Number of protein chains: 2
Amino acid sequence: MRYVIYLLILVYEVQCIPRNKNSVSVKGNVSNIDKCTNVLPEDLKEEIAEYQDIVNEILQYVIEGDFKGKTYDELAKFVDMFGPRPAGSEVLEDSIDYMIKLTNTQKLYDVVTEEVTVPQWKRGKEKIVMYEPRHKIIPVLGLGGSICTPPEGITAEVVVVKSFKDLENLKKHDVLGKILVFNSKFTAYDETVVYRYDAASRAAEKGAVAALIRSITPFSINSLHTGMMSYRENITNVPAAAITIEDAELLKRIYDRGVKIVLNIQMQSTRDTKISRNTLVDYKGIQNPEKLVIVSGHIDSWDIGQGAMDDGGGLFISWAVPVILRRLHLLPKRTIRSIFWTAEELGLIGAFAYEERHRNQSDNINFIMESDEGTFAPLGLSVAGNQEARCIIAEILKLFKSINASTLIEDDNPGSDITVIVKNGVPGASFYNANDRYFWYHHSESDTMTVQDSHVMDLGSAFWTAAAYIIADISVDIPR
Amino acid sequence: MRYVIYLLILVYEVQCIPRNKNSVSVKGNVSNIDKCTNVLPEDLKEEIAEYQDIVNEILQYVIEGDFKGKTYDELAKFVDMFGPRPAGSEVLEDSIDYMIKLTNTQKLYDVVTEEVTVPQWKRGKEKIVMYEPRHKIIPVLGLGGSICTPPEGITAEVVVVKSFKDLENLKKHDVLGKILVFNSKFTAYDETVVYRYDAASRAAEKGAVAALIRSITPFSINSLHTGMMSYRENITNVPAAAITIEDAELLKRIYDRGVKIVLNIQMQSTRDTKISRNTLVDYKGIQNPEKLVIVSGHIDSWDIGQGAMDDGGGLFISWAVPVILRRLHLLPKRTIRSIFWTAEELGLIGAFAYEERHRNQSDNINFIMESDEGTFAPLGLSVAGNQEARCIIAEILKLFKSINASTLIEDDNPGSDITVIVKNGVPGASFYNANDRYFWYHHSESDTMTVQDSHVMDLGSAFWTAAAYIIADISVDIPR
């Protein structure tokens, strides 16, 4: 938990670094059903139970009916056409325009975009060559935000540690002028990702000239995983990059034998500031249109792979919500707003901008949902909110027993973008799904359509749509 | 089975292409214990049972005693020092010299090498760029033996098929001048590897200018897998390379939408002929030194990764056999010969040379063993031989119940190199082990020490050593 607290400080107080994906797999506790005994009035339970027919209608339409395969197919067309969509790129803006048009083809015209100033970090040439003890090209992927090396690269001896604690035990002259390799084994994302954020500063503090981290993943087939890093104030900035588990272990073995290792690291990148956009699709409520139930995913991705999982899947099941409801002529009391966040990967930039712009309307957010931890088989929701709020959601989740998606996880900090809003006390949830292999693909070249499954995406769209609809339609607001 | 027959023809009659690794996982049938009832005389069974103490002594020494961790550590030092060891390279010859010295340090001096003329296929620059419908670099790994493209590459439109049968249904003018992509899903290695061998000729037959295959693996994290390919006589030679499952599926999706795909493929390579060596380490029998029990693995590897699995593991558990026996002062009646084959990957070149050179002594081979399908947890042996031979081995395997390695697989064609000798009627076996994920790493950059486990390698060395010792020491020859 120390790491989580540390990270939260980084996120909200120091540098606005994303705490994205730190709740994948069960972070909170599975809710004990007994906690809800006598919390909800019987008539509310009965009211919720009456939505079973609508849930079944949505499931049928999406899984076996006219919408079957649509989420997967539209996502595939989208990611195949645009590929990766890094913040600040033209391709991201083109993909936003495409999503607006695609939404319009579904006869949904209540679409607005809100401009957001976003940072751009553009990867250039990256290469590591091992000079000693033998020549070897070491595949490398720079961490987002890293500075460049000089054009000729940095050539230095290597020191390998397994943890920050290991590093503390080294004397400064052991590290001075060297390349520090952190061979930190993946335990949980929360715990291990601190090496991605902080390795550069920790290494520089000890006088190292560059930091290499073992890719943040529990499993590798020579895979490279990038992601955002950060520099602490008043500490020299040094380049930081990821290498594979295989190469981190190779360097560790050689180092442990007392054999001298010399690497040359070359990394180039450029920085800029650009204008991007959050996209808001409103499906107006017929009774309280000012009250919002938000579903969301982010449209930007890292600059490799296709961003089909992170977060193409979340984007498209959120896109599907108003599309499916309109096709089925289901009109909720409150407005359902589908948001396609921009620039999540570089620090929840779109979400921060939205929160600032709409702060005075935040009382109107009845519930906020986000899918940014995979769209594998749905299991339920990870929910932030008071006990009564959680019990209402738990009661709604009972309607998804037929697809085994009735689990409620108690999580005070669900999601990534929505943490910016949930921290203000707005109740919300992230999509709890069977994402055991999520980090095998996360922020890597393998984040492609190959990880998605058409039927499973149908389950996700149906679940997401039905859950949002019920929350937007029941007689009570989600309490705070 | 049609494919297996087809492959066997390729192997033995037409072009001497390796049939390597086509028996990974259970190819044959698990032997029914009832088959051995009344086959062996009781006194032979009793004699074999008496080896239990020696088996236990070897297991104890290797798993918990002074040899604990030695196989893994020596393999790690070896592959970390040399990296990939392709046939024809200087590094392969250096690694052979190293193995001789390493063997000598174990007070084993009966080591000879036998020269073998080997082909060399040296990979040059390889690159694929998708020009249409959008710019994308497509990672590529040329197949061993492929010809080059012109320096500027081949630029052509793409046709995607899923099988040779699919291709047959296309008209020649649909394929003429195009790049043919085989998006063939992995079923079993035997069945799917035909696309690696034969895609180029099948494509050229229809007028295609290059062939790309989906990497031969059941699972991918954007992984590329190479391996040997072949050209049929009287058909134009065209370049052939592997792409990832992810990219093969991407191309298929785009193609299925009717969208034009244009690729530029650049592939360079050089060919030569070099001298390499098989290495023979003899641990002399004290009663019938002319009779041989052979244990073996190959020392060469593909030109990527470390060749730690294919076949560093098999090499080192075979190296360990005489080392362990000498240390334990166990002296078998027959000679145990440990062979480090050369140039397996380019067509069992070392094994063919050995067979030719020693053909007139082949009656002296009592049993031949090979490990070239992984050194994961030992399960038993895949055995070729007559019923009596198999029953003797089955009786010996009973002694390995404590490590769950008592399974006998009936396999008329075990191993890769040893098939060259087993086809002459010599009884033999390959190492049956828990290699379910073997093809995840096979012939790829991820064939590194990361797939190996120190304790599991101890189990393998102990099993391999004890099995070879008993076969070399029992009172009866393995019958033919």
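Phe463(A) lies in helix H16 of chain A, which spans residues 454-473; helices (H or I, at least four residues) and strands (E, at least two) are DSSP runs, numbered from the N terminus. The model is a predicted one, in which local features need pLDDT of at least 70 and side-chain atom pairs count only at pLDDT 80 or more, while totals for chains, interfaces and linings use all residues. Residues are numbered from 1 along each chain as its sequence is written, and chains are lettered from A and ligands numbered from 1 in the order in which they are written.

Phe463(A) counts as buried because it has 29 C-beta neighbours inside 10 Å. The cut-offs are 20 or more other C-beta atoms within 10 Å for buried, 12 or fewer for exposed, and partly exposed in between, with C-beta atoms placed from the backbone. Leaving aside residues up to four places away in sequence, Phe463(A) touches Pro378(A), Phe400(A), Ile403(A) and Ala405(A); contact requires C-beta atoms, placed from the backbone, within 7 Å. Leu59(A) is 404 residues from Phe463(A) in sequence, yet their C-alpha atoms are 7.4 Å apart.

Chain A is divided into domain 1 (2-110 + 284-473) and domain 2 (121-270), with bounds from an automatic or database domain assignment. The C-alpha centres of the two domains lie 34 Å apart.

Strand S8 of chain A (residues 240-243) is covered on both faces. Ala240(A) and Ala242(A) are buried on one side, and Ala241(A) and Ile243(A) are buried on the other. In a regular strand the side chains alternate between the two faces of the sheet. Strand S7 (residues 210-214) of chain A pairs with S8(A) in the parallel sense over 4 bridges, pairing being defined as at least two bridges found by DSSP. Arg214(A) stands opposite Ile243(A). Strand S4 (residues 141-142) of chain A runs antiparallel to S8(A), joined by 2 bridges, and Gly142(A) stands opposite Ala241(A).

Chain B can be laid on chain A with an RMSD of 0.0 Å by a turn of 180° and a shift of 0.0 Å along the axis, superposed by least squares on the C-alpha atoms of residues with pLDDT of at least 70 in both. That is the relation of a two-fold axis. In chain B, the C-alpha of Ile221(B) is nearest the axis, 3.0 Å from it.

At the interface, 21 residues of chain B are in contact with 22 residues of chain A. H10(B) gives the most to the chain B side, with 6 residues. The copies meet through the same surface, because 100% of the interface residues of chain B are also interface residues in chain A.

Terms used. Two residues are in contact if their C-beta atoms, placed from the backbone, lie within 7 Å.
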